[in-house]
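The report below goes through selected side-chain contacts and surface features of a single model, element by element. Please keep the sequence and the coordinates at hand while reading.

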Amino acid sequence: LADVTDSARRFGYDEYLVQAIAVDGIELWLVENNETGVRYAINFNEYLVLFGDEPVRGKPMLAGATGGVSTAPDPLDEPDPTAEAPGPASVPQAPDHDPSKDFKPASDTLGDIEREFRNPERIGELAFDVASNRPAFSENDAGDYTLIAYVTDGTAAIVMREGQLQTLGFSSGVIQNDEELKAFMGATTLVRQGESWSESVVRFLSSPYIRGLFIVVFLVAMFVEMLAPGVGLGGGVALIALGLLLAPPMILGMAGWWEIIAIGAGIVLLLMEAFVLPGFGVFGVLGLLTLFGGLLGTFIPAGGSFSAPSTQQDMLTGATTLLLSLVTASVLGWLIAKNMKSIPILESMILSGATGVNADPSGHTILKALAPYADDVVRIGDTGVTTTPLRPSGQADIEGELMTVYAGIGYIESGTAVRVTSVTAMRVDVEPIDGPNGEQENG
């Protein structure tokens with residue numbers, strides 16, 4: 001409040017209005033001197049001095065706060081003769097202070113703040129070097145001023161739009177085009193700095209629609225990589241999509257290290273759920289929550305307050321984008337799993353490059369472990385022998401069919417007799433066959 005008041009005095013702005021910018025509880029009217037045309041914001045007491053009647057109120061020029069409490073005194077309230085006056089009379093005076101440089105409160109509601117300005121212990125910190133430019137209104141000025149507007153009812157600190165800034169003396173005009181800008185600056189030439197290619201790319205990549213597309217690509221690629229583990233096309237595409245997803249918000253300051261750590265932790269937890277401890281459980285739930293929490297964080301500017309409307313809008317945009325991306329990725333993942341055999345690029349570039357996976361010369365491939373088993377290729381209880389280590393995925397010969405299988409628990413070495421424990425449209429889980437004496441039974 002001291003800073004804005006000092007600035008107002010130095011540069012000729014109305015110090016009552018700048019006080020109303022800084023704090024609420026200030027009710028003001030705007031008046032104009034009939035001779036000079038100079039305008040001043042006046043409070044309730046000054047209104048009574050100039051016009052002698054109950055102030056004209058109605059709807060104020062500047063919006064108040066819904067549900068806010070107006071500082072306008074109730075005309076039905078009787079004054080309390082024993083109440084302490086809030087003005088300077090109750091404030092300690094420094095022995096050598098200059099009254100013209102005193103802080104002038106815009107409202108009786110600022111009595112406690114005025115005492116702080118007059119506090120001898122803070123007088124050096126809060127003292128003004130410039131005298132107030134406001135006149136001391138008296139009854140002799142009653143006919144010299146015309147009422148212009150009811151400015152604010154005090155229910156909120158004031159916020160002004162372009163036209164209101166002009167009316168209240170904070171703006172000399174609005175520049176509409178380049179010619180007006182050159183005239184205002186006294187310039188003969190004007191060079192407009194256009195958007196660079198890098199800024200255009202970042203703006204394009206930071207669009208919610210493009211980011212939603214990258215999330216879909218990332219999720220689908222992760223799904224494909226999990227179907228056939230190994231560093232293949234799915235893993236590469238997922239990494240590229242994740243990089244394109246995180247780079248723009250990091251450049252714009254909308255993502256920090258915690259979002260990257262959360263996304264990385266979510267991916268690790270999902271991989272553990274898929275390959276180390278199969279079965280949708282704690283790791284899967286935590287992985288999804290952590291992953292989507294990190295992704296949601298990239299939509300929110302760093303340091304944003306969750307109570308701010310802009311931050312809440314960013315959160316809503318992020319949540320909507322994530323939800324639509326998840327639904328889209330789920331549908332695409334189901335279609336890919338359903339039609340894996342008819343997608344040659346996936347079979348040749350992902351499945352054949354996965355750990356322990358090779359095409360079966362007899363015509364059977366890993367796809368039999370991914371497709372629905374309507375033709376009863378494998379059933380729960382079928383037995384076989386692993387042909388590669390299962391860490392946790394690999395190949396096994398199950399009832400004469402070579403296919404990719406997953407170790408239900410731990411790792412299984414090559415040449416181990418195994419039994420099928422689970423058959424789904426996505427995977428076949430097996431476990432070692434141990435005899436009663438700890439020796440392997442023949443499958």
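In helix α4, which spans residues 111-118, the buried residues are Gly111, Glu114, Phe117 and Arg118. These four cover an arc of only 110 degrees around the axis, and therefore they lie on the same side of α4. An α-helix has 3.6 residues a turn, so residues three or four places apart point the same way. The model is a predicted one, and side-chain atom pairs are counted only at pLDDT 80 or more.

By the distance rule applied here, the count of salt bridges comes to 11. Side chains of opposite charge can pair when their charged atoms come close.

| Salt bridge | N to O distance | Relative accessibility of the partners |
|---|---|---|
| Glu46 and Arg134 | 3.1 Å | Glu46 12%, Arg134 6% |
| Arg203 and Glu195 | 2.9 Å | Arg203 52%, Glu195 41% |
| Glu431 and Arg419 | 3.5 Å | Glu431 36%, Arg419 29% |

Asp14 joins the two in a network of salt bridges, whose members are Asp14, Glu46 and Arg134. Arg134 has a further contact, for its charged end sits over the ring of Tyr16, 3.6 Å from the ring centre. A contact of this kind is also made by Arg211, whose charged end sits over the ring of Phe299, 4.1 Å from its centre.

Glu431 counts as partly exposed, and so does Arg419.

**Aromatic pairs**

The structure holds 7 aromatic pairs. One of them is formed by Tyr47 and Phe51, a tilted pair with 4.9 Å from centre to centre and 45 degrees between the planes. Tyr47 and Phe51 are 4 residues apart in helix α3 (residues 44-51), which means that about one helical turn separates them. Is Tyr47 buried or exposed? Tyr47 is buried, with a relative accessible area of 4%, whereas Phe51, at 25% relative accessibility, counts as partly exposed. Another pair joins Phe137 and Tyr145, whose ring centres are 5.3 Å apart and whose planes stand at 80 degrees, so this pair is edge-to-face. Both Phe137 and Tyr145 are buried. Tyr47 and Phe51 also belong to one aromatic cluster, together with Trp29 and Tyr150.

**Helix contacts and the nonpolar surface**

Ala221 has its place in helix α9 (residues 208-227) and, at 7% relative accessibility, counts as buried. The C-alpha atoms of Ala221 and Gly234 are separated by 4.5 Å, although these residues are 13 residues apart along the chain. In helix α10 (residues 233-251) one finds Leu239, which counts as exposed at 62% relative accessibility. Leu239 and Phe218 are 7.5 Å apart in space, C-alpha to C-alpha, and 21 residues apart in sequence.

Which residues make the nonpolar surface patch of about 560 Å²? The patch is made by Leu323, Val327, Val331, Leu332, Trp334 and Leu335. Leu323 is found in helix α13 (residues 309-338), and with a relative accessible area of 54% Leu323 is exposed.

Note on methods:
Residues numbered from 1 in each chain as written. Predicted model: local features only at pLDDT ≥ 70, side-chain atom pairs only at ≥ 80, totals over all residues. Heavy atoms only, no water. Buried < 20%, exposed > 50% of the residue type's maximum accessible area, 1.4 Å probe, protein only. Helix = DSSP H or I, 4+ residues; strand = E, 2+ residues; numbered from the N terminus. Arc of directions from axis to C-beta. Patch = residues over 30% accessible without salt bridge, like charges linked within 9 Å, V, L, I, M, F, W, Y side chains within 5 Å. Areas by Shrake-Rupley, 256 points an atom, 1.4 Å probe, with all protein chains shown as cover. Salt bridge = Lys/Arg side-chain N within 4 Å of Asp/Glu carboxyl O. Phe/Tyr/Trp six-rings, centres within 6.5 Å; stacked < 30°, edge-to-face > 60°. Lys NZ or Arg CZ within 6 Å of the ring centre and 35° of its normal.
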